[in-house]
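Please walk through them with me, one at a time.

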Amino acid sequence: MTTSRHGTRPTMNDVAAEAGVSLKTVSRVVNGESGVTPAMAERVRAAIAELGFRRNDTARLLRTGRTASIALLLEDIGDPFSSLLARAVQDVAVEQGCLLFTGSSAEDGERERELAMAFCARRVDGLVIVPSGTDHSYLSPEIASGTPVVFVDRPAAGIDADAVLSDNAGGARQGVTHLIRHGHRRIGFVGDLPGIHTCAERLRGYREAMAQAHLPVDERWIATGPTTPSQVGRSLARLLEGPEPVTALLTANNRITTAALGVLGRHGGRPALLGFDDLELAALLTPGLTVVAQDPAALGRTAAGVLFDRLRGDTDPGRRIQIPTRLIVRGSAEQAPPPGR
């Protein structure tokens with residue numbers, strides 16, 4: 001066996017010597033090009049396996065301008081929604097022969113910017129971002145220089161970019177309509193910060209469902225703000241106490257729903273509950289949790305597909321793609337209100 005002249009890391013010259021072929025032949029095999037007979041290609045692959053050769057992607061970048069890598073920025077890498085989305089993006093990347101780098105902004109807009117620019121500095125071919133920040137104009141120079149960016153779950157702010165979103169308003173509208181059909185008229189909404197796109201859209205769907213049923217909305221039935229368990233507990237106490245409490249709740253994301261379940265377990269006269277976002281153990285609760293479920297896998301697959309379309313040369317204007325939600329009935333939202341309410 002030929003020994004590398006460059007220490008322990010073999011080069012294409014070493015592979016060529018081991019296989020008894022030209023350097024050009026090795027390059028064609030390594031880069032998947034035509035012009036090599038099957039028998040010669042097999043000799044090159046055998047030499048690659050014997051030597052443990054790995055392609056130098058830095059050289060590939062200099063030659064093609066591409067690194068065969070993309071990056072995914074999530075809000076919270078530990079969230080089940082994020083993990084399903086990330087798996088879908090990774091599956092598409094693997095199909096395309098690309099490496100996926102992943103980072104988490106921890107819901108911090110400045111950290112999102114730092115991570116995005118760090119990935120761009122490492123010359124990833126494109127970015128998929130679940131945004132935390134409120135201004136994405138910092139990406140304008142990268143997009144102008146040919147790095148495509150696709151946003152998921154929320155649209156970009158300050159730039160024109162592709163976005164793949166759930167039907168947040170439609171899902172909330174369907175969920176509230178479901179509660180109305182079970183006799184509820186005083187329906188509470190507990191949401192995230194009102195400036196967040198998903199919260200604003202879900203609140204819009206709530207209001208539309210109430211308006212379509214010709215039901216008034218008492219602004220005291222709406223609670224938006226931080227989603228900490230203590231804040232959710234205070235919001236629920238306000239909505240469920242007093243002479244005319246709400247009889248049903250739409251909790252507008254999985255963090256709020258989880259916090260609400262903890263509070264409602266200690267509350268007498270539990271209201272009907274419908275959550276936006278599914279929970280892993282939702283079917284095992286008593287009663288089972290009725291939800292408006294997003295499809296994070298479809299969001300991830302679609303966003304990655306749009307990104308690779310851009311990398312293949314798609315120059316159409318930025319698009320906004322909407323992924324349907326699904327109402328899953330399990331029991332928690334189907335109880336009628338108490339008599340007289």
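A cavity is a set of points, on a 1 Å grid over the protein atoms alone, where a 1.4 Å probe fits but cannot get out; its lining residues have an atom within 4 Å of a point. Grid points are joined across faces, edges and corners, and a volume is the space filled by probe spheres set on the points. This is a predicted model, in which local features need pLDDT of at least 70, side-chain atom pairs count only at pLDDT 80 or more, and totals for chains, interfaces and linings use all residues. Residues are numbered from 1 along each chain as its sequence is written, and side-chain values use heavy atoms, without hydrogens and water.

A search of the whole structure turns up two cavities of 30 Å³ or more. Two or more lining residues come from each of α5 (80-95), α9 (197-212) and α11 (254-264). Helices (H or I, at least four residues) and strands (E, at least two) are DSSP runs, numbered from the N terminus. α9 gives the most, with three residues.

Now sort the lining by class. Ala, Val, Leu, Ile, Met, Phe, Trp, Tyr, Cys and Pro count as nonpolar, Asp, Glu, Lys and Arg as charged, and the others, Gly among them, as polar. The largest cavity has four nonpolar, five polar and ten charged lining residues.

The second largest cavity has a volume of about 60 Å³. β6 (187-191), β7 (222-224) and α10 (229-240) each supply at least two of its lining residues. α10 gives the most, three. This lining has five nonpolar, six polar and no charged residues.

Definitions and conventions
1 Å grid on protein atoms, 1.4 Å probe; cavity = no way out; pocket = protein on both sides within 12 Å on 5 of 7 lines; lining within 4 Å.
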